[in-house]
Amino acid sequence: MSKPVLVTGAGPVGLIMAAELARYGVPVRVIDKTPARASQSRALAIWPRTLELLDAAGCADAFVAAGLHAKAVSIHVGNRTLARIPFGTIASSFNYLLMIPQSETERLLEDHLRTFGITVERETELRDFVNRDADVSCTLMHAGDRSETLEAGWLIGCDGAHSLVRSRLGLTFGGDTLPIGFVLADVHVTGLAIPPDEPAIFWHPDGAVMFFPISRDRYRIIADSGSAPLHEPDIEKMQTIVDQRGPGGIILSNPVWLSDFRVNERMVRDYRKGRVFLAGDAAHIHSPAGGQGMNTGMQDAFNLAWKLALVERQEAAPSLLDSYSIERSCVARQILSDSGRMTGVVLLRSHLAQKVRNLIVKRIFSIPVIRRAMADRLSGIMIDYRDSPLNVGSARGLRGPRPGQRLITRQGSERGYIPRFVLAAKDSRDARAMIARHSFLLMPVVYPPPDENGIWLVRPDGYVVAVAKSGNWPLIEMALNGITLKISTGMIN
């Protein structure tokens with residue numbers, strides 16, 4: 001473990017990637033070509049599943065204290081509410097949407113990273129790299145035109161939508177750019193008769209306008225602007241849009257950030273090539289509908305970090321890393337599909353289609369089970385790895401999650417500094433013997449199972465990797481052997 005992992009890009013994805021690797025004792029450096037973190041709010045939403053993972057990492061409390069806790073999201077036409085989706089039904093200890101500016105997210109993650117003795121190396125740029133069998137030779141340029149050649153054990157590109165790492169790997173960023181433009185403003189808002197911590201969407205025949213709280217009385221406003229060439233808005237233009245499409249009586253003032261953008265929906269097929277990985281916007285970008293972008297990228301980091309740590313510690317087969325691209329690309333495809341559908345619903349132009357949409361939305365979201373299902377899907381707790389090559393067994397006949405599904409067994413106070421699996425079963429001689437045989441992979445205690453008639457093996461990131469009926473210890477043994485060096489000592493490809 002003498003050669004460090006190099007993480008390029010110090011946004012939320014790169015910061016959590018570096019922090020998780022450092023937590024697990026993996027040498028890591030994180031670089032960014034900018035002199036300071038961005039001051040704009042950018043991404044605002046942290047969903048419950050990401051908060052659960054931040055809790056496991058040991059830094060959720062700081063986020064919870066710093067952000068607004070949105071209890072619901074609502075959809076309106078003028079002064080009429082079509083739907084309100086509450087988050088209190090989400091089966092998580094974080095049953096709300098945390099609204100927090102990305103600049104604050106990055107500050108908190110930098111603080112967390114410093115607890116491991118690591119700081120971001122700013123004004124340091126990756127200029128080129130050579131992807132070799134045993135390492136990655138990276139050419140870095142520091143401030144003052146000082147060049148450095150770093151022999152990194154691994155390179156992780158968290159360098160955004162215009163990723164140099166992706167470009168140098170020659171990976172196609174397949175997808176489309178939507179023809180519709182959008183404008184945004186971070187402004188002070190008065191007169192909005194909506195709970196101050198609640199996102200609100202207003203539909204109008206001419207388009208939509210959306211309000212996302214940043215802090216008390218300050219909001220991110222986003223509106224579609226048609227197919228005309230992009231043109232940065234001013235406060236007067238944003239006020240006109242809000243007057244036209246909102247409920248009336250809203251006053252905007254003191255803009256902090258005004259911008260325009262188009263939506264890209266793109267992703268790579270493979271997140272890995274040899275010793276080089278992609279994560280976050282370098283691997284996938286999509287519509288901001290649903291607020292999933294930053295969350296998806298941060299969950300890429302949580303997925304990869306424990307696997308890379310086990311391989312670096314020589315406690316897992318290098319083939320474990322192959323599961324990263326398989327698992328996370330499936331999630332990204334689903335997020336792309338979901339956000340694309342949501343964007344399409346918002347951007348309907350036909351007045352007849354809009355009327356039908358409004359009627360359907362009002363009807364279906366009056367049904368409690370539909371509201372709960374939508375809240376769960378937005379929250380991220382329904383994300384699973386059902387097609388993971390790591391999965392073994394079946395939960396058929398048992399009350400509890402299937403292989404690939406989430407299972408929360410530990411609280412943040414139980415976080416460890418070594419990636420360990422959880423064995424959830426009835427405490428027995430067989431269970432303790434299993435822990436003794438695999439002490440380098442398993443937590444030292446047996447955890448309560450969802451069903452006393454079953455055995456669950458849970459990964460360090462909280463997803464089930466194996467399920468067996470009581471007594472079927474050979475299946476759990478097979479799952480553990482499939483992760484360790486007992487099965488594969490093959491070369492990294």
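Predicted model: local features only at pLDDT ≥ 70, side-chain atom pairs only at ≥ 80, totals over all residues.
Start with the cavity: the structure holds one of 30 Å³ or more. On a 1 Å grid over the protein atoms alone, a cavity is a set of points where a 1.4 Å probe fits but cannot get out. Residues are numbered from 1 along each chain as its sequence is written, and side-chain values use heavy atoms, without hydrogens and water.

Next, select the lining (residues with an atom within 4 Å of a point): Glu-20, Arg-23, Tyr-24, Leu-53, Ala-56, Phe-302, Trp-306, Pro-460 and Asp-461. Colour α1 (12-23), α2 (48-57) and α7 (293-312); these elements give two or more residues each. Helices are DSSP runs (H or I, at least four residues), numbered from the N terminus. By class, the lining has six nonpolar residues, three charged and no polar.

Now go to the surface. Select Leu-352, Val-356, Ile-360, Ile-364, Ile-367, Val-369 and Ile-370, a nonpolar patch with about 580 Å² of accessible area together. Patch residues have over 30% relative accessible area and no salt bridge, with nonpolar side chains joined within 5 Å; a salt bridge is a side-chain nitrogen of Lys or Arg within 4 Å of a carboxyl oxygen of Asp or Glu. Areas come from the Shrake-Rupley method with a 1.4 Å probe.

Show α9 (351-364) and α10 (368-379): each supplies at least two patch residues. α9 gives the most, four.

Finish on Val-369, in α10. Val-369 counts as partly exposed because its relative accessibility is 48%, between buried (under 20%) and exposed (over 50%).

Methods
Patch = residues over 30% accessible without salt bridge, like charges linked within 9 Å, V, L, I, M, F, W, Y side chains within 5 Å. Buried < 20%, exposed > 50% of the residue type's maximum accessible area, 1.4 Å probe, protein only. 1 Å grid on protein atoms, 1.4 Å probe; cavity = no way out; pocket = protein on both sides within 12 Å on 5 of 7 lines; lining within 4 Å. Points joined across faces, edges and corners; volume = space filled by probe spheres on them. Nonpolar A, V, L, I, M, F, W, Y, C, P; charged D, E, K, R; others polar.
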